[in-house]
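Reader: I have a structure to go through with you. Could we begin with the helices and then turn to the packing?

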Amino acid sequence: MFQLLDLFGTAVFAVSGALAAGRKHLDLFGVLVLAIVTAIGGGTLRDLTLGLTPVFWIQAPSYLWIASIAGLVTVLLARYRWLHRDFLPIADAIGLATFCVIGAERALAAGVHPATAVLMGVMTGVFGGMIRDVLCGEVPLVLRKELYATAALAGSSIMVVLSLILPGMAIAAWAGLLTALALRLAAIRWQLGLPVFRHGD
């Protein structure tokens, strides 16, 4: 199940990267770059931090193929108006929710402390999007007002806690994923966010 979720999250995050490239009017090479770095960025940092080398996409190049194909398919769908531009934040939300759970699961499997596993989940969920936004010349979503990293934190926390209580049960992963997704979609719909720090001159 986690393998399927990982591949699904890779494809969805690649879609968000490709859509971001379309907003910036990049060429096909730019589309592929943004699709791939968005899809594998968080997992790469997670594996390097945990000392899991070679990183996952070197061991299994299929992740690169999935990200590339998803990016190119997105170009075709968007070109013929079968994919609305407003799908970007939704694709990003799905990828965030999926990867925060995958990251936490990988960290737990590596034998780290549960608190560290939660942080690895957040890192896996947000870092690919951070790279995408920086390459697009935008302030990363994780640094803006809307709930973003907070949603990943909630999802990975629930996943880790339930995994400790109900080891081996898929309900932990689904509960974490749906929590993160619900919070992120609610933040998009109603512009929910943490208090903003304002400092005068």
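Reader: Where does α6 bend?
Author: α6 bends by about 30° at valine 126. The bend at a residue is the angle between axes fitted to the seven residues ending there and the seven starting there. Helices (H or I, at least four residues) and strands (E, at least two) are DSSP runs, numbered from the N terminus.

Reader: Before we continue, what is the source of the model?
Author: This is a predicted model, in which local features need pLDDT of at least 70 and side-chain atom pairs count only at pLDDT 80 or more, while totals for chains, interfaces and linings use all residues. Residues are numbered from 1 along each chain as its sequence is written, and side-chain values use heavy atoms, with hydrogens and water left out.

Reader: What span does α6 reach from its first C-alpha to its last?
Author: With 22 residues, α6 reaches 32 Å, close to the 32 Å expected at 1.5 Å a residue. The expected span is 1.5 Å times one less than the number of residues in the helix.

Reader: And what follows just after α6?
Author: Glycine 137 comes there, with a positive phi of about 75°.

Reader: Which elements do the buried residues of α6 pack against?
Author: They pack against α1, α2 (28-50), α5 and α7. Among these buried residues are Met120, Val122, Val126, Arg132 and Asp133. Buried means under 20% relative accessible area, exposed over 50%, and partly exposed in between (1.4 Å probe, protein chains only).

Reader: Turning to the largest nonpolar core, which residues touch the most other members?
Author: Of its 27 residues, these are Leu96, Val101, Val126, Tyr148 and Ala152. Two or more residues each come from α1 (2-23), α5, α6 (114-135), α7 (149-165) and α8 (170-190), and α5 gives the most, with 9 residues. A nonpolar core is a set of buried Ala, Val, Leu, Ile, Met, Phe, Trp, Tyr and Cys residues joined through side-chain atoms within 4.5 Å.

Reader: What does leucine 96 contact?
Author: Beyond its neighbours within four places in sequence, leucine 96 is in contact with residues including Phe13, Val126, Tyr148 and Arg184. Contact means heavy atoms within 4.5 Å.

Reader: Is threonine 98 buried or exposed?
Author: Threonine 98 is buried, at 1% relative accessible area. It lies in helix α5 (residues 87-109) and touches Leu5, Phe8, Gly9 and Leu177, not counting residues up to four places away in sequence.

Reader: Lastly, how many disulfides does the structure hold?
Author: It holds 0 disulfides, a disulfide being a pair of cysteine sulfur atoms within 2.5 Å. Cysteine 100 is buried at 0% relative accessible area, and cysteine 136 counts as buried at 10%.
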